[in-house]
Amino acid sequence: MMKTKDHMYRIEKYSNIHCLIVFLFIVFWSYAQESNENVSPKKYIAYFTDQSIDVNGNESEESWKKVKATEHFIDIEGVKTPKYKTSVKMLWNEEYVYFLAKMEEPHVWGNLKQRDTIIFYNNDFEIFIDPDNDTHNYYEFEINALNTLWDLFITKPYREGTPVLNDWDANGLKSAVQINGTLNDPTDIDKGWTLEVAIPFKVFRTSYYHKNVPRDTFWRVNFSRVNWDFQLEQNRYQRKKNQQGKFESEYNWVWSPMGVINMHRPEDWGYVYFSSKKTGEQDEFELPQDHRVKQYLYMLYRKQKEFYKKNNRWGTTFEEISSNHLEIEGNRLIRNLENHQTGFNITVVSPFTNRLFIIKEDGKIVEKED
């Protein structure tokens, strides 16, 4: 979930009434709508394993030893190097996708034990998944060092004022934590903690008969680690407060940098390719050429949103929304902008594949053969 500068995006779940509130979208939208154009999505190859994986928080299986971890995480804006290292490995078989996150941490602590509470109020690890790469209907999983889970299904990014299905459960998910040190003991220095997760592919089905095991294809994925400075109260860890009594800002460390402090931009997540080759073998994956086309559409989408905020209407021409860029990698674009009663459609024909891409006013991308 989003932290600090997008707390106005946050979901508050009250322990007594279990009520969700999504609030102050406009404030956040005005603050963090532009991406860092210098940030490129990371890519990772998840290899197939036919070995039985015991989800116990260790990487004792040979399959884990045969695959590489991601690069160490970076700050969410893609500039600062975190003070503690984080990396992830992935595997898959016909039933599960597996994750193994390793986190350096000299003080491993946690106090949230109730499922579906706001886990990022503790140090946590978070998984974000958009299987069909349209930025809608995506999944978020947050787990702390106590192995407490918050699982969410999000129909649209928060920028669209969407409800969040907090009561949705990832049935069959398995997770385990191993701590290299001692939990909640401020008298010693720990080395860190390891989180192992297995999520059944059936969790991501869109229909009963949906065959969604992603063999030799990719999903959009990102990982986030939230880390707080702490203080001790009666020898117990708590999030650190400033002199005004407010919690200090947390750190947001991610695998694929976002360019802004906002994890809920699935269009900027990394690419995970599910190779049918087994662990120990080698495969290659390049970002799809049409990734550039989609990024171009999201640039136009944000320009159109800015125009509406200033003028209380949608722009009717590309000149109005200040977008005269007509090429991608030297290829001239065929594009069209049309408004309708509920919003707009912007279409672009890919110069690479001749596919037609349409982005709607809610940010959803539709792909068609031209």
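T81 counts as exposed, because its relative accessibility is 71% and exposed means over 50%. This is a value from a predicted model. T81 sits in a loop, with strand β4 (74-75) on one side and strand β5 (86-92) on the other. Now look at W253. Along the chain, 172 residues separate T81 from W253, yet their C-alpha atoms are 8.7 Å apart.

That pair leads to a wider point about the chain. Take the contacts with a separation of 6 or more: 63% of them join residues 24 or more positions apart. The chain contains three helices and 23 strands. It has 370 residues, and 53% of them are buried. The exposed surface comes to about 17500 Å². Carbon and sulfur atoms supply 46% of that area.

Next, go inside. In soluble globular proteins, nonpolar side chains tend to be buried together. Here, the largest nonpolar core holds 54 residues. Which residues have the most contacts inside this core? They are M90, F125, F141 and F223. Strand β6 (residues 96-104) gives the largest share of this core, with seven residues.

Leave out residues up to four places away in sequence, and see what F125 touches. Among its partners are F73, T86, V88, A101 and M103. F141, E142 and I143 also touch F125. So do W193, L195, F223 and S224.

Finally, look for gaps. Rolling a probe the size of a water molecule over the atoms shows where empty space is left. How many cavities of 30 Å³ or more does the structure hold? There are two. The largest cavity has a volume of about 50 Å³.

The lining of the largest cavity can be read residue by residue. N133, D134 and T135 are part of it, and so are R220, E267 and Y271. H291, K294, Q295, Y298 and I365 line it too. Helix α3 (residues 290-311) supplies the largest share of this lining, four residues. What classes of residue make up the lining? Three are nonpolar, four are polar and four are charged.

Notes:
Residues are numbered from 1 along each chain as its sequence is written. This is a predicted model: local features need pLDDT of at least 70, side-chain atom pairs count only at pLDDT 80 or more; totals for chains, interfaces and linings use all residues. Side-chain values use heavy atoms; hydrogens and water are left out. Helices (H or I, at least four residues) and strands (E, at least two) are DSSP runs, numbered from the N terminus. Buried means under 20% relative accessible area, exposed over 50%, partly exposed in between (1.4 Å probe, protein chains only). Contact means heavy atoms within 4.5 Å. Accessible areas come from the Shrake-Rupley method with a 1.4 Å probe; for residues, only the protein chains shown count as cover. On a 1 Å grid over the protein atoms alone, a cavity is a set of points where a 1.4 Å probe fits but cannot get out, and a pocket is an open set with protein on both sides within 12 Å along at least five of seven lines; lining residues have an atom within 4 Å of a point. Grid points are joined across faces, edges and corners, and a volume is the space filled by probe spheres set on the points. Ala, Val, Leu, Ile, Met, Phe, Trp, Tyr, Cys and Pro count as nonpolar, Asp, Glu, Lys and Arg as charged, and the others, Gly among them, as polar. A nonpolar core is a set of buried Ala, Val, Leu, Ile, Met, Phe, Trp, Tyr and Cys residues joined through side-chain atoms within 4.5 Å.
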